[in-house]
Structure formats: structure tokens, C-alpha cells
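Visitor: I would like to learn how to read a structure like this one. Please take me through it feature by feature.

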Amino acid sequence: MSAAPRPARPAWAGPLGLHHPGDTVLHRASPGAKLLGLALVGVLAVTVPGVPAAIATCALVGALAALGRLPLRATARSVAPIALTAALVGAYQWWARGWQVGIEVGLDLVTVVLAATVLTSTTRADVMLDALVRVARPLRHVGIAPETFALAVALMLRTIPALVEAFAEARDAARARGLDRDPRALLVPAAVRTVARARATGDALAARGIGE
Amino acid sequence: MIEFDAATVTAYAARDGGGAPDDVRTLLHPVTCRLVERRVAVIGANGSGKSTLARLVNGLTLPSAGAVRVDGLDTARDGRAVRQRVGFVFSDPDAQLVMPTAVEDVALSLRRLPLAAAEREARAREILGRFGLADRAETPVHALSGGQKQLLAIAGVLATEPAVLVCDEPTTRLDLRWRTIVDDLLDGLDQQVLHVTHDLDAAARADRVLVVDEGAVVHDGDPAEGVARYRALMAATAGCAARSAATG
């Protein structure tokens, strides 16, 4: 009996997912407050030690994700690579410094990324840009345009799935030539594609007069 | 109006086998012309200098000598003002779409205008509707088809209503259906359009055709004659290449 056909998955949207339109309290909250909340979660994860605190912070962020009605499957898919990294880092910490540290470090990593996912899922990138421009206003005193800073952050988020795509294309090309075991056949073209994409994006931004 | 005043582009080229990059190559020999027609096509072989010519108009490439002016604005001196007047569409929309969703990408273009966030979003949605992409407003850009991406890229550029649109092979990666859609869209625009293309049917519909060969404009004028000149050039080049291959 043949297996039931499985539809291909959509392209990975990056570790922080995409905006999901909605009308929850979190969607209506100001992006500045949400950025502050994200910073607070980061500070809590780093400064409050212990497994109970890590579990509590993670549960709190999980509750916020539920409050923002983040789609479970898409969110899990966004966070999955980080969860895997957290598991590896946590396992190493368990071995090196004991199980409490291992669990705490792994949970803290997942918590911070989940909090960032809640932020990006409930805030339009455009609205986030406005908030980042406001937050970055003091940078004007050191010669950095807030608009440029905000755009750089937005581009960084967009670049992550593009990088994954560049590696996937390079991997497919290497496979097609029977070179899938040669790391050079993956890394060199992926790096070249990434640089070419960065240059093309720079050109496109300049052509649109963005960041001037 | 686009004016090329002996505009020349040169670039350093590294010597074969390394060494100091002190050889200067001419990418575009002096071009002098005034383009006032609504539809101007630029055709030529790959690497002939078409894109260099197109990039001069938006100030993405600055002339090494001479000048390029758009409505009297010098691309070297008034780059910002020129880019507000000249939109540019690339062949690869992936490089051009920088925001996560379609509506956000169009809204990014509108940030140049003094609009409140809500008005910006409303305007972006209205523009998407005009381009038949209203139902794709919330779609992640990476999930759009190639044709939809190119349409979105054009929508993003036209959002700020530039006076001139430069298109660098916008239909090269598209299938026939999307090529027709994009061609029809470009044909119907009020803007002056400088269209770099390999599509000779599109070139033949233009009001004026420039043929670029080895960095020089070798024909400037009637579209039918320009297309014939280009075909003759390509036939001669293909013949030379075939003879070289046959003789090893």
C-alpha cells in the first residue's frame, strides 16, 4: 500500500515568523510597549536564576502567545529550529554544569525567541519600523539616522529566510551535480548567492530612494 | 525628459592572473541623446551595456564622464531628487521586495511621503487593489508566484508616482501569461517608460528604440529598423561563435 501523498510545506518564514492579522489585546497594544516587554523578558531570562523562574517566564510568554491567538502550527514551525538549538545547548550545559543549568538555559533561549515571535506576529513590520525609528532617535546624536537603523532591523528579519533559501538553492544545485557530500559545493555558492542578493537588495533600496 | 550628454561609464578591470587593477574598461562609450518619447526600448546582447545605460537614468550608476539629466536634474548632483522622479524595476523581484508581506512592502515605498501610518496602509491597500493584488495583501512575499512578485515590485515602485519608470528586463523571468500582464501594464502607464528588454515584440511597440552593442549605442530611432539591426547583429555574432566552436 502506498503512503498517502503529503503536500509540500510552505517556505520557512524565519525564526520569528510573520505578522498574523488579528484584533487581540496584543495586536492593539503599542509596539513600543511590546518592545519594552520583549526587553523585560530578556532581562528576566538573564538575571533571575533557577529552573522555577525559567518555567514561570516561559509559561508567561506562552500565555501571551495564546492571548495573541498565534497559530499553533506556524508558531511551532518558526520556533522549532531554535528549540533544537536550545536542546543542544541545554544538553551541553547539563553535562558541563548540571541539569538545573541545562534546563534553565534551554528554556530561556526558547522563551526569548517565543517572546520575539509574539512581537513580530502581533505587530506589522511597517508599524514596527515606526516604533524603531522613535526608539532610535537618540542615535541621531552619534550620526546614525534612526530611519536607517530601523530599516536595518527590518532587513535583518527579512534576510533570515532569504539566507535559508540561498542555502537550499545551493544544496539542490550541489545534489544535482552529485556533489552533496562536498561542503565547498554548498558553502561557496551559498556565500556568493548571499552576497549577490545583498548587493541587489542594496541597489533596489537605493533605486526606491529608501534610506537616503 | 531624459538627457544623456556624452555620458560615459568606465571601470577598473583586474588583469588576468591577478596584479593591480589598473586596466580601465569602457562599459559604455559616450552616449548623447534626448529621450522625450513615452515608450523607449533598449535592446542588445547580454553584457552589451543595456543595464549600465538604464542605471544611469536613476543615478544607480554615475557617469565617469559627461552627464545624465532627468527633467533638468543632474543624476550626480541631485541624486535624491532624481530617484524621487525615476522609479526602477529590476528583473529579479526577490531582491526588490524587502518587507515580509505585500501590503507592508508597498507601505515601505510610501514612507517617503508625509503620511500617517493608517493612511499609509490604506493607500498601500488601494494600490494593491489597482494592481489586482488586493487578495494578496497579507500574503508573505516569498509565497507569491514569480509574476505576482514582479507585479508587486512594480506596484511598490509606482506607489510614489514617479514621472519616469526604468524597467531592466522586468519580464525575463516570467511565463507568457505574466509577461503579457506586465507588458500590458507597462503599455498602459502614463509615465515615460525606458524598457530594457530581450522581448523584440515589446521593443517593436515602443516609440523609439536604442540598440546597444559592445558598450555603444549603434542604433537610435525607428523601432522596426532597430529590431532589424539587432537581429542582424545577433545573427553575425552567432555565426562567428558557431565557426569558433567548429574549428575548436
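Visitor: Leaving aside its neighbours within four places in sequence, which residues is L194(B) in contact with?

Guide: Two residues are in contact if their C-beta atoms, placed from the backbone, lie within 7 Å. By that test L194(B) touches I2(B), L35(B), V40(B), V42(B), A54(B), V57(B), V164(B) and V166(B), with neighbours within four places in sequence left out. Some ground rules. This is a predicted model: local features need pLDDT of at least 70, side-chain atom pairs count only at pLDDT 80 or more, and totals for chains, interfaces and linings use all residues. Residues are numbered from 1 along each chain as its sequence is written, while chains are lettered from A and ligands numbered from 1 in the order in which they are written.

Visitor: Which residues touch the most other members of the largest nonpolar core?

Guide: In soluble globular proteins, nonpolar side chains tend to be buried together. A residue is buried if 20 or more other C-beta atoms, placed from the backbone, lie within 10 Å of its own; 12 or fewer makes it exposed, and in between it is partly exposed. A nonpolar core is a set of buried Ala, Val, Leu, Ile, Met, Phe, Trp, Tyr and Cys residues joined through C-beta atoms within 7 Å. Here the largest core has 78 residues, and V57(B), A155(B) and L194(B) touch the most other members. Helix α6 (residues 146-158) of chain B gives the most to this core, 7 residues. A second, separate core has 20 residues, among them A65(A) and L107(A).

Visitor: Is α1(B) buried or exposed?

Guide: Helices (H or I, at least four residues) and strands (E, at least two) are DSSP runs, numbered from the N terminus. In α1(B), 9 of the 9 residues are buried, so the helix is largely enclosed by the rest of the structure. Among them are K50(B), R55(B) and N58(B). Just after α1(B), G59(B) has a positive phi of about 85°.

Visitor: In what order do the 6 strands of the open sheet in chain B run?

Guide: Two strands pair if DSSP finds at least two bridges between them. The order is β6-β7-β8-β3-β9-β10 (chain B), and the pairing is mixed. β6 (86-89) and β10 (216-221) of chain B are at the edges with a single partner strand each, so one side of each has no neighbour in the sheet. Strand β3 (residues 39-44) and strand β9 (residues 208-213) of chain B run parallel, joined by 5 bridges. There I43(B) stands opposite V211(B). α1(B) packs on this sheet, at about 155° to β7(B). For such angles, axes are lines fitted to C-alpha atoms, for helices over the stretch in contact, and the range is 0 to 180 degrees between N-to-C directions.

Visitor: Which strands form the open sheet of 4 strands?

Guide: The order is β2-β1-β4-β5 (chain B), with antiparallel pairing. Strand β4 (residues 65-70) of chain B pairs with β5(B) over 2 bridges. Helix α1 (residues 50-58) of chain B lies across β1, β2 and β4 of chain B, at about 65° to β2(B).

Visitor: How many residues of chain B are in contact with chain A?

Guide: 27 residues of chain B are in contact with 27 residues of chain A. α4(B) supplies the largest share of chain B's side, 4 residues.

Visitor: How is chain A divided?

Guide: Domain bounds come from an automatic or database domain assignment. Chain A has domain 1 (11-123) and domain 2 (124-212). Their C-alpha centres lie 23 Å apart.
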